[in-house]
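Morning, everyone. Here is the model for today. I'll go through its packing, then its aromatic rings, then one piece of its surface.

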Amino acid sequence: MAIRNVVQVGDEVLRQKCFPVEVFDEKLHALLEDMKDTVKKEQGAGLAAPQVGILRRLAVVDVEEGYFEFINPVIVQQKGEQSGWEGCLSVRGKSGIVSRPMKVTVSYQDRFGEKQLLKAKGFFARAICHELDHLDGVLYIDKATHIEKS
Ligand code: CO
């Protein structure tokens, strides 16, 4: 287990489309453990693989509802809308107002490759949408209507 360096905005790795995870092995589990250590240490609500320089479709989310690992996630349903503040470990010292769905249903695989389905709402849904955007090279600053120093 180790803390990984979080890539900052301006690095091209944050702007690429990630490839699916195909192998659910020890190496993947080690990466997930490192991402857990890193997001806890940085006190983030989530972290996506490209933020640690890995172009694979996986992200972790750490919110009130618990700690979650999403591998090859896809939002299969969304409802409503919410507008609120967001920050990102790859965009230090800033926050912005972003519109997101109020509720999402996400289909994904767990660390063993088993298919899972999860419903989330409020900030949890926001965190999932933010992390999934990272897997397509999208940052919240691309969508924010207002950005401030924080
Ligand atoms: Co982010």
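One definition to begin: buried means under 20% relative accessible area, exposed means over 50%, and partly exposed is in between, with a 1.4 Å probe and protein chains only. The model is predicted, so local features need pLDDT of at least 70, side-chain atom pairs count only at pLDDT 80 or more, and totals for chains, interfaces and linings use all residues. Residues are numbered from 1 along each chain as its sequence is written, and side-chain values use heavy atoms, with hydrogens and water left out.

Phe-68 is buried, at a relative accessible area of 18%. Phe-124 is buried too, at 5%.

Now the pairs. Rings of Phe, Tyr and Trp (its six-membered ring) pair if their centres lie within 6.5 Å; planes under 30 degrees apart are stacked, over 60 edge-to-face, the rest tilted. That rule gives three aromatic pairs. One of them is Phe-68 with Phe-124: tilted, 4.8 Å centre to centre, 35° between the planes. Phe-68 sits in strand S3 and Phe-124 in helix H2, so this pair ties together parts 56 residues apart in sequence. Elements here are DSSP runs, numbered from the N terminus: helices are H or I with at least four residues, strands are E with at least two.

Next, Phe-70 and Tyr-108. This pair is edge-to-face, 4.7 Å between centres and 75° between planes. Phe-70 is in strand S3, Tyr-108 in strand S6, 38 residues apart. Both are buried. Phe-68, Phe-70, Tyr-108 and Phe-124 make one aromatic cluster.

On to the core. A nonpolar core is a set of buried Ala, Val, Leu, Ile, Met, Phe, Trp, Tyr and Cys residues joined through side-chain atoms within 4.5 Å. The largest has 15 residues; among those with the most contacts inside it are Val-61, Phe-70, Val-106 and Phe-124. Elements giving two or more residues include S2 (58-63), S6 (103-109) and H2 (122-134). H2 gives the most, six residues. A second, separate core has 14 residues, including Met-35 and Ile-71.

Which residues touch Val-106, leaving aside neighbours within four places in sequence? With contact as heavy atoms within 4.5 Å, they include Phe-70, Val-74, Leu-118 and Ile-128.

Last, Val-74. It lies in strand S3. Val-74 is partly exposed, with a relative accessible area of 45%.
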